[in-house]
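Biologist: I'd like to learn how to read a protein model. Could you walk me through this one?

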Amino acid sequence: MQILHGLILNAWKKECGHATLEGYARTKPSAASILEKARNILVKFATPLIPQEPISSKTKDNSSAPTTSTQKDIVYPNTVLLTRDLLYVAELISATAAGDFGRIEDMLPDLACVFRGAGSNNYSTEILHLIFNLKEVWTPEFG
């Protein structure tokens, strides 16, 4: 959780445009402004982008040829993925601590997708099995 807290703190500093958050606080931002910054942080720092096709450029004969960079920034997209995954972990920890199984149940499909995307097929299958049992097999009282 320390890593997530550090990533979120850094995102707030970048989004607010101040050296310190105290500097941003001195501007006395409105609640709407703070919520807008929080939404921007979620989009910029915790939402993975869909990979784009290589940018085309014109060659000497005016035909289009793809250009690719040999030094792609892999740190930023990986940090975005880490932040997204740690936010899932934080939500799961919070829901478990509160005993809110409804929130946990709501997260199960997303967790199954995350595990499947990461190649952890066994975890994904177990979560899908749990969802199936909760929805179709077990009685509502048991589920």
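Biologist: What share of the residues in the protein chain is buried?

Modeller: Buried means under 20% relative accessible area, exposed means over 50%, and partly exposed is in between, using a 1.4 Å probe and protein chains only. Here, buried residues make up 17% of the 143 residues in the chain. Keep in mind that this is a predicted model: local features need pLDDT of at least 70, side-chain atom pairs count only at pLDDT 80 or more, and totals for chains, interfaces and linings use all residues. Residues are numbered from 1 along each chain as its sequence is written, and side-chain values use heavy atoms, with hydrogens and water left out.

Biologist: Which secondary structure elements does the protein chain have?

Modeller: Helices (H or I, at least four residues) and strands (E, at least two) are DSSP runs, numbered from the N terminus. This chain has 6 helices and 2 strands, and from the N terminus they run α-α-α-β-β-α-α-α.

Biologist: Which residues form the largest nonpolar core?

Modeller: A nonpolar core is a set of buried Ala, Val, Leu, Ile, Met, Phe, Trp, Tyr and Cys residues joined through side-chain atoms within 4.5 Å. The largest one here has 7 residues: Met 107, Leu 108, Leu 111, Ala 112, Ile 127, Ile 131 and Leu 134.

Biologist: What does Ile 127 touch?

Modeller: A contact means heavy atoms within 4.5 Å. Leaving out residues up to four places away in sequence, Ile 127 touches Leu 108, Leu 111, Ala 112 and Phe 115.

Biologist: How do helix 5 and helix 6 cross?

Modeller: Axes are lines fitted to C-alpha atoms, for helices over the stretch in contact, and angles run from 0 to 180 degrees between N-to-C directions. The axes of helix 5 and helix 6 come within 8 Å and cross at roughly 145°. As for the residues of this contact, they divide into 12 nonpolar, 2 polar and 3 charged. Ala, Val, Leu, Ile, Met, Phe, Trp, Tyr, Cys and Pro count as nonpolar, Asp, Glu, Lys and Arg as charged, and the others, Gly among them, as polar.

Biologist: How many aromatic pairs does the structure hold?

Modeller: Rings of Phe, Tyr and Trp (its six-membered ring) pair if their centres lie within 6.5 Å; planes under 30 degrees apart count as stacked, over 60 as edge-to-face and the rest as tilted. There's 1 aromatic pair here. Phe 115 and Tyr 123 form a tilted pair, 5.2 Å centre to centre with 35° between the planes. Phe 115 is partly exposed at 29% relative accessible area, while Tyr 123 is exposed at 56%.
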